[in-house]
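The points take up sheets, cores, helix packing and individual residues in turn.

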Amino acid sequence: MGDYTVCVDLGGTTSKFSVFTSDEIICQWSSPTPENNIVDMIESEIRNNFSNLNLESTDFKAVVIGVAGIVKDGIVSYAINLNLRDYDLADILESRLGIKVIILNDVNLQAIGESSNYSSLFLVTIGTGIGAALMINGHLVEGYNGWAGEIGHIYLDSKTPEENASAKGLVKTAQNYLKSNNDDSSLRDFETFTAEDIFNQAKSGDAVALKIVREVYFKLGKLLAVICSAFDPEVIIISGGVSKAGDLLLDIIKEGFSEVAFKNTEILLSDLREKAAVFGAMKIVEDGITD
């Protein structure tokens, strides 16, 4: 067994690759995720960088892949954005590469990375969609079907967090509000706007943008309080692209959380962000955390 590991963060739009040893990231790169032939893309990217690094398959311990979808026992049971269903990605790649392949849900992989500092945590990623993962006493909780922690699909007032608190959901919520109300807002000056634009306008004092952000993430905070009541994590970590909104997002989530929570659980923004998956892969190959 070699000294190197490949980490693949397989997203619906972009796939991020990292090659590392036990104590050093050697190189990182990204590639568009194709609608089809995902195995061909992964194999090609890894083999090309074998050549670039003057390495062979025998130099590698494993390939660790985080998949944006539901994974159970190494099988991708459902990944809508990747067009994969009941797909044994690990077995197929192992036969092609001659290297051990480990498959996890992408947020679960990130949670393992975050667990270097906390043994019990609930990780929420807020980006294009919403994902979450739960670790209790150093062990990943996947659930019977691999759905554990998927709070994005819990209905709150007829809407799920996926529908209104993800980046896409927040934009849709703002668009609907502007169509149904005549309130003045700087958002009307945008031909199109993003979740980042909404937060920026809220920070600049736009009352409508702030109202929308508050309503959406106050509810998310209340939901996280329910999660804490059920699983009692040491900490809740907020990650993903929307987390770049910083203190405004965090303060609103904390406010909603404190309204219904019966305990004081720390809620914080991830320091690792995009590096969490790589640290998760490191922990897996060094500690065998998923064994």
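**Notes on the predicted model**

1. Three strands form an open sheet in the order E5-E6-E7, and their pairing is antiparallel. Strands E5 (70–72) and E7 (84–87) are at the edges with a single partner strand each, so one side of each has no neighbour in the sheet. From one strand to the next the twist averages 25°. Strands here are DSSP runs (E, at least two residues), helices likewise (H or I, at least four residues), with numbering from the N terminus; two strands pair if DSSP finds at least two bridges between them.

2. On provenance, this is a predicted model: local features need pLDDT of at least 70, side-chain atom pairs count only at pLDDT 80 or more, and totals for chains, interfaces and linings use all residues. Residues are numbered from 1 along each chain as its sequence is written, and side-chain values use heavy atoms, with hydrogens and water left out.

3. Valine 71 has valine 76 in E6 as its bridge partner. The loop between E5 and E6 contains aspartate 73, whose phi is positive, about 55°, although the residue is not a glycine. Aspartate 73 is exposed, at a relative accessible area of 64% (buried means under 20% relative accessible area, exposed over 50%, partly exposed in between, with a 1.4 Å probe and protein chains only).

4. Aspartate 86, in strand E7, has a positive phi of about 50° and is not a glycine. Its relative accessible area is 58%, so aspartate 86 is exposed. As background, most residues other than glycine have a negative phi.

5. Strand E1 (residues 4–10) runs parallel to E4 and is joined to E4 by seven bridges. Five bridges link E4 to strand E8 (residues 101–105), again in parallel. Valine 67 of E4 is the bridge partner of leucine 10, and valine 67 also stands opposite asparagine 105 in E8.

6. The largest nonpolar core has 45 residues, of which Ile151, Tyr217 and Ile238 touch the most other members. Such a core is a set of buried Ala, Val, Leu, Ile, Met, Phe, Trp, Tyr and Cys residues joined through side-chain atoms within 4.5 Å. Elements that each supply at least two of its residues include strand E9 (121–126), strand E10 (130–136), helix H5 (167–180), helix H7 (207–231) and helix H8 (247–260). H7 gives the largest share, 13 residues. Apart from this core lies another, of 30 residues, among them Val6, Met41, Val71 and Leu93.

7. Which residues does isoleucine 238 touch, not counting residues up to four places away in sequence? The list includes Val124, Ile126, Leu224, Leu249, Leu250, Ile253 and Ile267, as well as Ser243 and Ser270. Contact means heavy atoms within 4.5 Å.

8. Helices H3 (residues 106–114) and H9 (residues 276–287) pack at an angle of about 75°, and their axes are 6 Å apart. The axes are lines fitted to C-alpha atoms, for helices over the stretch in contact, with angles from 0 to 180 degrees between N-to-C directions. H3 and H9 are therefore roughly perpendicular to each other, a term that covers 65 to 115 degrees. Leu109, Gln110, Ile112, Gly113 and Glu114 in H3 meet residues of H9, among them Ala276, Phe279, Gly280, Lys283 and Ile284.

9. Disulfides (pairs of cysteine sulfur atoms within 2.5 Å) number zero in the structure. The cysteine sulfur closest to that of cysteine 27 belongs to cysteine 7 and is 12 Å away, too far for a bond. Cysteine 27 is buried, with a relative accessible area of 19%, and cysteine 228 is also buried, at 2%.

10. Lysine 168 touches Gly127 and Thr128, leaving aside residues up to four places away in sequence. The C-alpha atoms of lysine 168 and threonine 194 are separated by 8.0 Å, the two residues being 26 residues apart along the chain.

Notes
Angles under 35 degrees count as roughly parallel, over 145 as roughly antiparallel, 65 to 115 as roughly perpendicular and the rest as oblique.
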